[in-house]
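Colleague: I'm new to this one. Could you walk me through how to read its helices?

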Amino acid sequence: MAFEPPQRLVRALAESAPDGDAWVEELPEATERAVAARELTVERVQVPGGRSSLVVLVRLPDGTPAALKLAPPRYRPEAERAALAHWGGLGAVQLIEPAATDGVPATEGVLLLERLHPEVSVRSLPEAKAWLEAAGTLRRLWVAPPAGTVFETVAERTGRQAVAMRGASAPAEVAALVDAALAAREELLAAPPEARLLHGTFRQSKVLAGDRAPWLAVGPDPVVGECAFDLARLVRDRVEDLIASPSGAATTRRRVKRLAESLDVDQERLRGWTLFRAVESGVRALRVGRPRDAELLLEFAGWL
């Protein structure tokens, strides 16, 4: 069959590679090779899918349902493989092919995963229950990083982001937020608490229903650092609803407090990383031509 990447993926990858992307052009053939090498039976490409990878719903030779994921190198799929292998299915999707299976090497950028229910995420739950399940899932992922494995650190990742933020041209009100976010980062990195392996991009839509466990995390961009950094991305979940609410600012501050308390994270450190991550995402959205997303993120950041 023809493996055409979903348009959502094509558009998202074009933002991160505006001069062209050979990976996208080669994706149909790469998918065919990955399927054939593992003797998989294809059911369908997951649509609309994500913004950083192609996911194909497949069956193993014995009929077991699975998911085949292909991602470009810039999204660090091998780091994802290492993190999933370290978690071993505790709180996260199970990696079927950690290194090699029946003589088939674990192809770079290709992950074979247990099949979850992509149409059912924690976001489908009532809001209070969704927050409870998301927080519980995230807590299970915060483990000591494996010895001898090199993951990017929070300092390294945010350092690259800080350089891009400083180089961005922005209106005065945005520049003030950038200054505040960069200052918060410097203060937070001065005395970080004990480091853990983090999901890196955790939000409610990254927690899917499973058969082996009720809820499991997917799609990590793993990083080693303090737990508040991981939780900061969850704080701004459903940001559209927050902005639309007349009590959005107060709700945001209550959310920071409740999440910090429920996961034993310092509230001020969570607020600081939430500010940095929201401003960084907002500035990046401006840079790639998504002004509406930027407006939402930067208004949210202003409440912190």
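Colleague: Before we go on, what am I looking at, and how are things numbered?

Modeller: It's a predicted model, so local features need pLDDT of at least 70 and side-chain atom pairs count only at pLDDT 80 or more, while totals for chains, interfaces and linings use all residues. Residues are numbered from 1 along each chain as its sequence is written, and side-chain values use heavy atoms, with hydrogens and water left out. Helices (H or I, at least four residues) and strands (E, at least two) are DSSP runs, numbered from the N terminus.

Colleague: At what angle do H4 and H7 pack?

Modeller: In general, two packed helices are described by the angle between their axes and the distance between the axes. Here H4 (residues 127–141) and H7 pack at about 160°, their axes 11 Å apart. That makes H4 roughly antiparallel to H7. Axes are lines fitted to C-alpha atoms, for helices over the stretch in contact, and angles run from 0 to 180 degrees between N-to-C directions. Under 35 degrees counts as roughly parallel, over 145 as roughly antiparallel, 65 to 115 as roughly perpendicular, and the rest as oblique.

Colleague: And how does H7 pass H9?

Modeller: In a right-handed crossing again for H7 and H9. H7 (residues 227–235) and H9 (residues 248–262) pack at about 140°, with axes 11 Å apart, and the pair is therefore oblique. Leu 231, Leu 234 and Val 235 of H7 meet Arg 255, Val 256, Leu 259 and Ala 260 of H9.

Colleague: Which residues of H6 are buried?

Modeller: First the general idea: an α-helix has 3.6 residues a turn, so residues three or four places apart point the same way. In H6, the buried ones are Val 174, Leu 177, Val 178, Ala 181, Leu 182, Ala 184, Arg 185 and Leu 188. Seen down the axis of H6, they fall within an arc of 160°, so they line one face; the arc is that of the directions from the helix axis to the C-beta atoms. Buried means under 20% relative accessible area, exposed over 50%, partly exposed in between (1.4 Å probe, protein chains only). Turned away from that side of H6 are the exposed Ala 172, Asp 179, Glu 187 and Ala 190. The buried residues of H6 pack against H5 (154–167), H10 (267–287) and H11 (291–302).

Colleague: What covers the buried residues of H1?

Modeller: The cover for H1 includes helix H2 (22–38) and strand E2 (54–59). In H1 (residues 7–16), Leu 9, Ala 12 and Leu 13 are buried. They fall within an arc of 95° down the axis of H1, so they line one face. On the face of H1 turned away sit the exposed Gln 7 and Arg 11.

Technical notes
Contact means heavy atoms within 4.5 Å. A crossing is left-handed if the near helix is turned anticlockwise from the far one by less than a right angle, and right-handed if clockwise.
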